[in-house]
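Open the model in your viewer and switch to the cartoon view. We will go one selection at a time.

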Amino acid sequence: MSCQLINGAEVFVVHAKQILFELLLMLIFFFVGFRIFHTYSGFLRYSSFVDLIQVFFANLLGVSLTWIIFNVFPHDIDTIINIKELTCILFISTLLLWIERVVVKSIYDVLSHANKSCRVFIYGTRHGGISVAKSIRNDIEKKYVVKGFVTPDVKMYGKYLMGEPVYIDNEDLVRTMLDKKITHLIVSPWQAESFRKREKLIDALIKNNIRIKMMTEAEDLDEKAELKHEQFHEVEIEDLLPREKIDVDMESIGNLLRDKVILITGAGGSIGVEIVQQVALFNPAKMVLIDQAETPMHDVRLRMAHEFPHIEAKTLVGSITNEIYMEKIFSTHKPDYIFHAAAYKHVPMMEDNPAVAVQNNVLGTHIIADLAVKYGAKKFVMVSTDKAVNPTNVMGCSKRICEIYCQSLNKAVSDAATDASLSRIVVEGREVNIRQVDGSPAVTQFVTTRFGNVLGSNGSVIPLFREQIRQGGPITVTHPDIIRYFMLIPEACRLVLEAGTMGKGGEIFVFDMGKPVRIVDLAERMIALSHAPHVKIEFMGLREGEKLYEEVLNDAEQTKPTCHPKIMIAAVREYNYSEVLANEERLINASYSEDDMHIVKIMKEIVPEYISNNSKYSVLDKQK
């Protein structure tokens with residue numbers, strides 16, 4: 001054909017035998033090219049752009065070998081095919097082989113899509129969306145077929161990507177998806193933040209049984225990363241709660257913790273485990289991990305050995321209220337930084353067990369804080385809660401007492417450390433170590449962090465609802481108007497580390513928890529996502545000590561900004577350490593009396609803003 005196109009039919013007829021011989025000889029060289037580039041090793045119906053490139057290079061090699069044999073090596077045969085004809089052969093053969101593959105693939109795709117493929121839209125038109133679309137098209141199983149892209153950018157209206165139309169994210173989107181029989185919406189990770197804010201769209205998608213697929217833990221993705229559709233999963237409620245990306249200064253945190261001894265209490269709990277994971281990333285010299293729960297600590301030990309074998313990790317089972325054992329740990333390991341996450345946190349349980357709340361939360365914090373000072377720790381970071389603000393329950397009040405103690409101890413130690421020549425001082429009869437930094441005294445700095453509910457933590461509402469749905473319902477909600485702030489565990493722990501880095505001692509850091517969520521709305525969305533319309537919601541009434549809404553700040557408190565937009569400093573009342581110490585000792589002694597009313601009465605005296613709500617202890621408020 002190439003000879004006929006270039007030289008005309010007459011030359012082709014006259015030299016037909018010679019041309020046929022040369023073409024047969026060329027087949028040998030083309031076969032070499034096909035073998036080297038494995039052109040026929042795959043299935044035509046699964047051909048991709050890479051396969052087309054392989055075909056071109058195989059043909060190019062065949063043509064090149066032909067030209068070398070015909071023109072470089074000496075022979076007695078006069079060849080008819082010249083460089084022009086070889087070039088023509090290269091492009092015609094490549095084009096025909098491309099057409100063959102495209103046609104076979106297109107026919108197969110049409111037939112397979114008609115039988116089993118789910119029709120999907122992709123939310124996102126830039127690199128992430130394109131990358132996912134390519135992954136879907138190259139998928140051998142052909143589980144999905146891309147039928148369009150969605151974007152909030154009106155400038156993209158009427159455009160096409162990869163042969164498919166781009167739709168605008170507006171009120172008609174769901175109707176369009178239903179008309180086109182779209183079953184799934186895959187959300188690009190770089191559009192996830194804006195997508196979460198489209199609550200009406202999300203509710204409409206769920207209501208019309210259009211599945212949503214997103215990627216978890218996509219915050220650290222490089223925008224040039226290649227995405228695979230297998231990385232996306234059908235959304236859980238945690239993926240859809242509106243929140244903004246939280247950035248932290250990883251370099252500053254790394255400089256603080258690298259090559260240091262880090263002690264973490266409550267290391268087997270939801271928050272503690274995540275703090276362990278994130279601290280380990282900064283390569284501390286040693287990690288001392290404490291919790292009284294044996295099985296969770298065994299899991300932590302296995303995880304550390306598997307993921308961070310280069311870090312010396314001491315996983316210790318014991319209660320923070322065991323002062324003798326805790327002192328042995330401090331004297332042996334001498335931690336530089338302490339993250340205190342150990343606490344009893346369940347409101348109804350502590351409402352029934354105020355003595356235990358005092359002994360674990362108050363006494364435990366008291367012991368660890370005193371040991372931090374005694375053994376010269378650089379910083380003590382306490383994890384507190386929004387329930388400590390205007391507390392209405394025993395648990396919240398116990399955490400507020402912990403905050404008061406840490407703040408007052410910080411001030412007492414700081415005020416006493418005025419003589420740079422001293423290495424030891426006495427604060428209210430207690431011996432305190434003083435580190436020297438550049439000739440100046442540097443004592444333990446106490447920092448407190450407050451935040452609300454964390455998604456997926458042990459005993460939190462979402463795992464409870466999920467289990468109730470699995471059992472067929474009903475979902476139990478305490479009150480139709482109850483609202484809560486939510487944050488992902490990794491996000492909360494990053495802010496704890498960031499606050500610990502920036503804290504100079506004495507601060508109570510509060511976090512911007514974002515938009516509050518009505519619990520009943522959350523329950524309804526979980527039911528819809530689970531495709532379990534038969535599950536009902538029952539309202540049980542507020543539990544003892546429970547609020548309709550949680551506060552992050554006391555009404556009388558004000559906040560000061562920090563260098564991080566999500567972290568503020570609460571300006572709270574300062575307490576005299578000797579007074580705080582006396583009150584705590586009185587409270588701890590009372591906790592052994594087993595008289596709940598007497599214990600709570602003292603707690604209310606220490607924290608006057610503690611007003612019980614829906615609790616047997618409300619009678620004490622009437623006596624004030």
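**Strand 8 and its neighbours**

Start with a parallel pair: strand 8 and strand 11 (residues 337–340) are joined by 4 bridges. Keep in mind that this is a predicted model.

Now select L263. Which residue of strand 11 stands opposite L263? In strand 11, that residue is I338.

Next, select strand 9 (residues 286–291). Go back to L263: its bridge partner in strand 9 is V288.

Follow the chain from strand 8 to strand 9. The path goes through helix 12 (residues 270–280). This β-α-β crossover is right-handed.

Now show the side chains of strand 8. In a regular strand, side chains alternate between the two faces of the sheet. Here V261, L263 and T265 point one way. I262 and I264 point the other way.

Is strand 8 largely enclosed or open? Strand 8 (residues 261–265) is largely enclosed by the rest of the structure, because 5 of its 5 residues are buried.

Select C493. C493 has a relative accessible area of 1%, so it is buried, the cut-off being under 20%. Then select C118. At 24% relative accessibility, C118 is partly exposed.

How many disulfides does the model have? A disulfide is a covalent bond between the sulfur atoms of two cysteines. The count here, taking sulfur atoms within 2.5 Å, is 0 disulfides.

Conventions. Residues numbered from 1 in each chain as written. Predicted model: local features only at pLDDT ≥ 70, side-chain atom pairs only at ≥ 80, totals over all residues. Heavy atoms only, no water. Buried < 20%, exposed > 50% of the residue type's maximum accessible area, 1.4 Å probe, protein only. Helix = DSSP H or I, 4+ residues; strand = E, 2+ residues; numbered from the N terminus. Pairing = 2+ DSSP bridges. Right-handed = clockwise from strand over helix to strand, strands pointing away.
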